[in-house]
Amino acid sequence: MAIERGKDSPLPPASPANIAAITNGTGTGAGLAPSNANYRLRLNPNQDHRADNYDDLGMEFTPLLFSSLERYLPPNLLDVSRDTKYKYMRDILRRYSTEGERTREQKHKEYRQKIVSNYQPLYRELYTMNPSMFFVQSFLKAFNANEKNKDESIKSIMSEPSPGVYTFDMLQPRFCEMLLSEVENFEKWVHETKFRIMRPNTMNKFGAVLDDFGMQGTLDKLMEDFIRHISKIFFPDVGGYSLDSHHGFVVEYGMDRDVELGFHVDDSEVTLNVCLGKQFTGGELFFRGVRCEKHVNSETYPEEIFDYAHAPGRAIIHRGRHRHGARATTSGHRINLLLWCRSSVFRELKKHKKEFLNFCGECKREKKGRLLHSVAAKKKELLVGEGDLAS
């Protein structure tokens, strides 16, 4: 992927010959223009562009990824046919996805298909997004506002108890109960069939990946229609406007489950965390500041310390790089829904743009320190100059 540092790069005109090469497969590679390097992606997305829908294409990459990436295409390619754009973006993605990665992805799809073909859902209505059944009225009302007022409407339901951490009421009690029962039903099936399942991550030994047993479509819509809009408002610095994939799962805590969770960062740009229940004590989240990879183990400052107590149906949303952990659940069982939202575009851009990581608390302190040092040095230089003139 060819990306210039700084602002959007000047783009050469897309010649008919090159467009034809992309469309007809007469260029180099898998049906793409030979001068691919001349078509540089935009550094900033075209927010006004309405991307095509790619759901009906049988693709090796998620359709959402194509819709998100399309907004970064050169202006010359925005109005060409969908097939042209698809082939062009597919080539870009293949350059950054090895054959081994694609093979693993294909095996994971087969794994999911095996589960979906054999597992019988308890509540099929959970497998299609139904906002009026899932969400509380305050959440629905905020998103049903007209486009002009929607951002302010969403902000009005949010609390920010600590910088970069937002909480809001989200899920109906009945939905929480149904999802808990669905997860229990799935785990019962796993136990009875002795089917080996993948756990949510390397940190949690209990819980289930919702995407793996058929809920990927529901969670796609949750991210695309709701979480991406929230993230566009509050987390634009980590690609909140371009979230295009997710990892959705539930985690279980209790004395006979995972008891606590150590200090860590998530493999996400934005994380949604909603408590589903049940009855429990303890289990508070503790936050300790946002950090980039370089500073993940740096010290914590007093203003970055924040503890959060879960309440069923209430959501908390934060940057994935916001360091956090979970204290011990001392009694009962706590079960939470997690949605790790990712932006492939942001992950690629931050490799190329100088000082792209402006979300890191330690980077900000270092930058401020350099600025203060520079100002102090300049003052000293001026004072010395005045002294020389006086003498």
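The charged end of R365 sits over the ring of Y301, at 3.8 Å from the ring centre, where a charge counts as sitting over a ring if NZ of Lys or CZ of Arg is within 6 Å of the ring centre and within 35 degrees of the ring normal. This is a predicted model, in which local features need pLDDT of at least 70 and side-chain atom pairs count only at pLDDT 80 or more, while totals for chains, interfaces and linings use all residues. Residues are numbered from 1 along each chain as its sequence is written, and side-chain values use heavy atoms, with hydrogens and water left out.

Rings of Phe, Tyr and Trp (its six-membered ring) pair if their centres lie within 6.5 Å, and planes under 30 degrees apart count as stacked, over 60 as edge-to-face and the rest as tilted. By this rule there are 22 aromatic pairs. Two of the stacked pairs are set out below.

| Pair | Centre distance | Plane angle |
|---|---|---|
| F139 and F168 | 5.8 Å | 15° |
| F263 and F286 | 6.3 Å | 10° |

Because F139 lies in helix α6 (residues 137-143) and F168 in strand β2 (residues 165-169), their pair ties together parts that are 29 residues apart in sequence; helices (H or I, at least four residues) and strands (E, at least two) are DSSP runs, numbered from the N terminus. F139 is buried at 0% relative accessibility, and F168 is likewise buried at 0%, where buried means under 20% relative accessible area, exposed over 50% and partly exposed in between (1.4 Å probe, protein chains only).

The pair of F263, in strand β5 (residues 261-264), and F286, in strand β8 (residues 285-290), links distant parts of the chain, 23 residues apart. F263 is partly exposed, with a relative accessible area of 42%, whereas F286 is buried at 14%.
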